Amino acid sequence: MKKKYLNEAFLLLMAVPILLWSLLPIYHIFLFSISSKDSAFSGALWPKEPTLRNFGHIAKQEHFYLYHFWVQIWNSLWIAVAVGALTLAVASCAAFAISRLKVRGGRTVMNLALFTYFIPAAFLAIPMYKAMGNYGLLNNRWSLVLAMVTLAAPYAIWVLKQASDKLPWELDEAARIDGATPLQLFRLVYLPLMTPSMVAIGTYALLLAWNEYLYGYLLLSHERTITLAVALGHFIAADDSPWELLMATGLVYALPPAAIYYAFRRYMVSGLTSGAVKA
Amino acid sequence: MASVSFSQVKKAFGATPVLHGISLDISDGEFMVLVGPSGCGKSTLLRMLAGLEDITAGSISIDARVVNDLDSKDRDIAMVFQSYALYPHMTVGENMGFSLKLRKDRKDIIEKRVAQAAKILNLDPYLHRYPRELSGGQRQRVAMGRAIVRDPKVFLFDEPLSNLDAKLRVAMRAEIKALHQRLKTTTVYVTHDQVEAMTMADRIAVMNDGRIEQLGEPLELYDRPANLFVAQFIGSPAMNVIDGVLRKSSSCVEALGHRWPIGALQRGSEGQAVRYGVRPEHIAIGGQGAVTAEVVVVEPMGAETELVVKVGDVTLVVTTHGRSDAKPGEAIALAPDAASVHLFDAASGQRL
């Protein structure tokens with residue numbers, strides 16, 4: 001009994017500093033976002049006159065850097081959802097083919113795909129830029145979608161493959177005897193059983209695209225095509241950056257991922273770890 | 001309903017042969033049990049019939065139509081798996097109706113047939129439950145329900161009772177048997193449990209090492225096992241087997257310093273090395289016992305008593321009806337029933 005309490009006390013002692021350490025920057029952002037321009041750098045732990053005016057500026061697009069705020073956040077959202085959906089489509093088909101249909105060479109394809117992770121994404125940025133240019137996709141939302149799907153797919157395939165390896169074989173055999181074609185097997189048996197892992201992987205790809213900066217910066221350049229992440233980067237281009245607006249926008253930008261994560265947290269934990277160990 | 005025929009069926013996984021030319025004819029409506037130790041190829045044979053494994057050589061036909069290259073779904077068979085293989089995301093009713101749905105049957109027909117099957121199997125109250133909400137026995141019945149709604153030509157069972165506890169297994173055994181008597185669908189049933197085989201089968205194929213050792217009705221296998229393997233596989237407790245020398249002139253086998261009586265025998269030659277087989281229930285105790293033995297363990301079961309005894313270094317099992325006064329350490333006389341003794345050639349293991 002006593003030992004248990006000591007253990008928990010120790011864990012708490014570890015957890016509190018870590019929690020404070022990770023929450024501090026967020027608090028800082030929050031502090032900036034509710035301060036007026038003058039008091040933003042005052043160094044106080046709480047502004048004298050907290051205000052929500054910054055958020056009003058954002059909503060009404062009342063600053064040079066915010067003129068296209070709604071278009072940009074829509075771009076972010078559109079691209080993130082597209083990446084999530086497309087990654088899921090690609091990865092679930094691939095995982096099904098490799099794990100359930102045992103397509104010859106499937107494992108090799110997956111390992112080759114995983115091998116691409118040995119090359120840092122930053123190195124791939126230039127070839128990717130060139131490729132998108134060749135296809136005439138620069139400055140088009142699809143260029144970022146395709147690039148992000150390329151980056152997210154290998155991991156997604158791997159996780160989904162590991163998860164599908166755990167589905168009992170007899171289910172496929174029973175379905176085959178029941179008269180299912182491979183497509184029916186995929187649609188009526190495989191996909192429903194894979195839902196938890198699919199939610200986790202879809203969320204992973206969606207957040208990956210939502211948070212992406214480098215590729216967005218390279219592939220999209222027009223003010224009305226860039227994502228909000230890239231637009232946020234533009235804030236610091238000026239000598240006299242509107243920090244309070246930058247932080248307020250950043251806070252708004254962080255809300256959707258937080259909400260998604262909160263909604264799907266049950267799947268995230270089980271889904272991402274379910275493929276981690278070979279059972 | 002249909003007949004099933006295996007003709008010189010062979011199977012190899014890579015370079016490893018697992019079935020060495022199986023020929024077997026199953027007639028319309030028959031309940032055929034394939035029984036054997038694990039690794040004997042019985043499940044592989046069943047899976048080949050189901051279309052889940054390729055056929056390396058030979059042919060399999062259902063109703064005189066060769067199905068070697070036919071997809072599982074076109075063979076008109078239904079299979080019950082050891083693990084039940086129920087679709088976890090579908091209710092009992094959806095599980096049972098799945099094959100009909102794939103066949104694009106009308107919804108009211110599906111409902112009607114699922115309801116009929118559910119009634120036969122006493123599953124009506126559970127149609128809207130999910131498999132995880134059912135007990136092992138109920139899941140087993142759903143798996144059978146999924147098979148019967150289709151009204152297939154052949155039922156295949158792959159060790160369907162192995163995951164159930166002993167009591168439920170006995171109950172389900174009777175249920176499957178009753179179901180077969182009611183539906184009269186040709187059935188191929190794989191098990192490693194010889195009791196299941198004996199109690200359920202019309203005919204049994206005893207398999208070992210990729211071959212059929214003997215094919216016959218249950219009591220035929222029990223009364224006249226063709227070889228040592230079948231003799232020791234069928235029957236519980238297993239048959240006692242003793243190495244000895246045949247003395248035809250004095251109608252006995254000499255073994256362990258005793259004379260073991262045998263019945264009339266046409267084959268075998270004087271002085272031949274043989275293996276003397278006698279079932280535990282065919283050894284009487286006391287009287288003019290030809291053999292003396294020492295009691296090692298007494299296992300009272302109520303209706304009968306099993307005695308583990310020793311003759312020389314060899315341990316034998318003797319079953320007596322009713323109770324026994326024997327105590328460990330005591331010497332008793334054994335009298336094998338000469339008419340029920342089995343003799344096998346020591347070298348080949350074949351029946352004499």
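## A tour of the pockets and the A–B contact

Start by selecting α2 of chain B, which gives the most to the lining of the largest pocket, with five residues. Helices here are DSSP runs of H or I with at least four residues, strands are runs of E with at least two, and both are numbered from the N terminus. You are looking at a predicted model, where local features need pLDDT of at least 70, side-chain atom pairs count only at pLDDT 80 or more, and totals for chains, interfaces and linings use all residues. Residues are numbered from 1 along each chain as its sequence is written, chains are lettered from A in the order in which they are written, and side-chain values use heavy atoms, without hydrogens and water.

**Stop 1: the largest pocket.** The pocket holds about 380 Å³ of space. A pocket is an open set of points on a 1 Å grid over the protein atoms alone where a 1.4 Å probe fits, with protein on both sides within 12 Å along at least five of seven lines; lining residues have an atom within 4 Å of a point. The volume is the space filled by probe spheres set on the points, which are joined across faces, edges and corners. Now pick B:G93, B:E94, B:G97, B:K101 and B:I110, the closest to the centre among 14 lining residues. Coloured by class, the lining shows six nonpolar, four polar and four charged residues. Nonpolar means Ala, Val, Leu, Ile, Met, Phe, Trp, Tyr, Cys and Pro, charged means Asp, Glu, Lys and Arg, and the others, Gly among them, are polar.

**Stop 2: the second largest pocket.** Select B:R224, B:A264, B:L265, B:V341 and B:R351, which lie nearest the centre of a pocket lined by 19 residues. About 320 Å³ of space lies here. α7 (218-223) and β20 (342-345) of chain B each supply at least two lining residues.

**Stop 3: where the chains meet.** Show the contact (heavy atoms within 4.5 Å): 16 residues come from chain A and 24 residues from chain B. Which side chains meet in a salt bridge? Select A:D178 and B:R150, at 3.9 Å, N to O. A salt bridge puts a side-chain nitrogen of Lys or Arg within 4 Å of a carboxyl oxygen of Asp or Glu, and the count between the chains is two. Finish on α7 (169-178) and α8 (182-211) of chain A, each supplying at least two residues of the side that touches chain B. α7 of chain A gives the most to that side, with eight residues.
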